[in-house]
Amino acid sequence: MNLFFTPQNAKAGDVIPFFNEATKTFENYYLKLWNPGAPDEKDKLRWHRITTKDHCTFTETPVNIHGGTGTIVHFNGIYHMFYCTFDKEPPAQWARHAVSRDLIEWEDIPEDRFGPDGTIYRMSDWRDPFVFWNEEEKKWWMLLAARENSATERNGCVALCVSDDLSRWEYRPPLYSPKMYPAANECVDLFQMGEWYYLIYSNYCDGFGTYYRMSKSPAGPWLRPETDTFDGRAFYAGKTVSDGINRYLYGWNPTRGENKWHFDPTEDYGKDYTCWNWGGSIVVHRLVQHEDGTLGVCPTDTLIHAFGTGEKTSWKPLDGIWQMNGDTAACSSDSGYSSILCGKLPRRGVVRAKIKYEGRPSRFGMALQVDEKFDRGYYLMFEPAYQRIEFRSGLRTSERGGQLFPYAAEMERPLRLDPGKEYGLELYMEDTIALLYVNRDVAFGFRMYNEKEKNLGWFISDGSIQISHVEIAGE
């Protein structure tokens, strides 16, 4: 079992989730992109089917479809695939339609291919078709990543087309056009939970992530929640699927190191300081709906139960005055920085803990893959003044890091922080990938390449902290 599915010699790109009611199995697909130097279909996108019942154990089968993201629907005994293809000369993007009876062998329908109209929508972008039955209108709706013809370049939108027969489509004005992004809103998804409808899309301009909007109608208007993302920078192309009980969000955590975008530093500081790749490992969150309709995410049940009770920690204070009692350690550090170690991290496993603070600390949190010097490694900084968690790597906090990094925050995640409140932490790790959940409601994923086989630590600056119920489980 893998905590996070990563194909051998390749990267997992966009996931097209599909729950088969007949088999009660998640019969998903994903876009497979081979790594440089890998055999066979190098750099060529191809759909691969991955079936699972638990979101961690997958059976993979290639299928005969080459192209980009789409959706699967089942209607009148036939499976319908909608996907997209890309022409280079001249550049063009197309929505495509294929059918199947077994979800493996697909027959493309060339006459159903269509692109943007050139009137409502610009001819440059037309991809990632998402198709569903709109019960209110009694028609099929198709949502696409597109750009509308508008006065400015901030014209990324969610296009809308409708059909009676899944073959002939009528163009309509955009379902959602925020005039915000100078790029198409990708990997669109729309679903209903209770009285709310949710529109999900991903965008890589002016930010990089998967976003959502809320409405009481599938036609909008679409409201932006205070926190409108599900994870951090290292989660993209999120799309959902429900098994009738829970709804799951599939996305990918990117790998690093191919320098496809040609932004890597000229000196080699390790993969931690190279550009993100397109694609990597599949991450699955379970959606949580709050009373006000907003959404959070928590681990899947399989992830929660992947590891038993962990070993209790043995504390090793480094700086500051710590009070230790069993699995609890506390420190008041009102005029400086205090740190402590508490056990070696596994290659694959989980860290569980509870943490709370008092006063007005500038930062506190977890240190990963650190030793007694407490300088290298990775730091999850809880910062009350900014109401966020910030991820910082060791080089970022060094003198050289101050010269290299032209930005204040390496990665960050919004989080409401209040003194005296206890926060439950679960950090899942597998090789280079890590995923933090806070109170089974907030997620923050990242990668750790350079530092390995070191320790878990904790720190506090200019305030008080209590860490309890710490355990480390894994292998």
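Good morning. Let us begin with strand β30, residues 423–430: seven of its eight residues are buried, so the strand is largely enclosed by the rest of the structure. Please keep in mind throughout that this is a predicted model.

What are the partners of β30? On the one hand, strand β25, residues 348–358, is joined to β30 by eight bridges, and the two run antiparallel. Within that pairing, valine 351 stands opposite leucine 427 of β30. On the other hand, β30 pairs with strand β31, residues 433–438, over six bridges, again in the antiparallel sense. There, glutamate 430 faces isoleucine 433 of β31. For those new to the subject, strands of a sheet pair through backbone hydrogen bonds, either parallel or antiparallel.

β30 and β31 form a hairpin with two residues between the strands. Aspartate 431 is located in this loop, and its phi is positive, about 55°, although the residue is not a glycine. Glutamine 369 is another residue other than glycine with a positive phi, near 55°. Glutamine 369, however, lies in a strand, β26, residues 363–370. With a relative accessible area of 7%, glutamine 369 is buried, since the limit for that term is under 20%.

I now turn to an open sheet. Three strands form it, in the order β14-β15-β16, with antiparallel pairing. Its edge strands are β14, residues 186–193, and β16, residues 209–215, each of which pairs on one side only. On average, neighbouring strands of this sheet are turned by 20° against each other, with direction ignored. β14 and β15, the latter covering residues 196–203, pair over six bridges. Methionine 193 stands opposite tryptophan 196 in β15.

Next, the aromatic residues. How many aromatic pairs does a search of the whole structure find? The search gives 37. One of them consists of phenylalanine 114 and tryptophan 126, whose ring centres are 6.0 Å apart; their planes are at 75°, so the pair is edge-to-face. Phenylalanine 114 lies in the loop between β9 and β10, while tryptophan 126 is in strand β10, and the two are 12 residues apart. Both phenylalanine 114 and tryptophan 126 are buried.

Tyrosine 198 belongs to strand β15 and tyrosine 212 to strand β16, 14 residues apart. Tyrosine 198 counts as buried because its relative accessibility is 0%, and tyrosine 212 is likewise buried at 0%.

There is also an aromatic cluster, formed by Tyr29, Trp47, Tyr83 and Trp106. The charged end of arginine 113 is over the ring of tryptophan 94, 3.6 Å from the ring centre.

Is valine 131 buried or exposed? Its relative accessibility is 2%, so it counts as buried. Leaving aside residues up to four places away in sequence, valine 131 touches several residues, among them Thr71, Phe82, Trp140 and Leu166.

What of the cysteines? A search of the whole structure finds zero disulfides. For cysteine 161, the closest cysteine sulfur is in cysteine 157, 10 Å away, which is too far for a bond because a disulfide requires sulfur atoms within 2.5 Å. Cysteine 161 is buried, with a relative accessible area of 0%. For cysteine 331, the closest cysteine sulfur is in cysteine 342, and at 14 Å that is too far as well. Cysteine 331 is also buried, at 2%.

Finally, I draw your attention to cis peptide bonds. One joins glutamate 89 and proline 90, with omega about -10°; proline 90 lies in the loop between β7 and β8. Another joins glycine 220 and proline 221, with omega about 5°, and proline 221 is in the loop between β16 and β17.

Thank you for your attention.

Conventions: Residues numbered from 1 in each chain as written. Predicted model: local features only at pLDDT ≥ 70, side-chain atom pairs only at ≥ 80, totals over all residues. Heavy atoms only, no water. Buried < 20%, exposed > 50% of the residue type's maximum accessible area, 1.4 Å probe, protein only. Contact = heavy atoms within 4.5 Å. Pairing = 2+ DSSP bridges. Helix = DSSP H or I, 4+ residues; strand = E, 2+ residues; numbered from the N terminus. Axes fitted to C-alpha atoms, helices over the stretch in contact; angles between N-to-C directions. Phe/Tyr/Trp six-rings, centres within 6.5 Å; stacked < 30°, edge-to-face > 60°. Lys NZ or Arg CZ within 6 Å of the ring centre and 35° of its normal.
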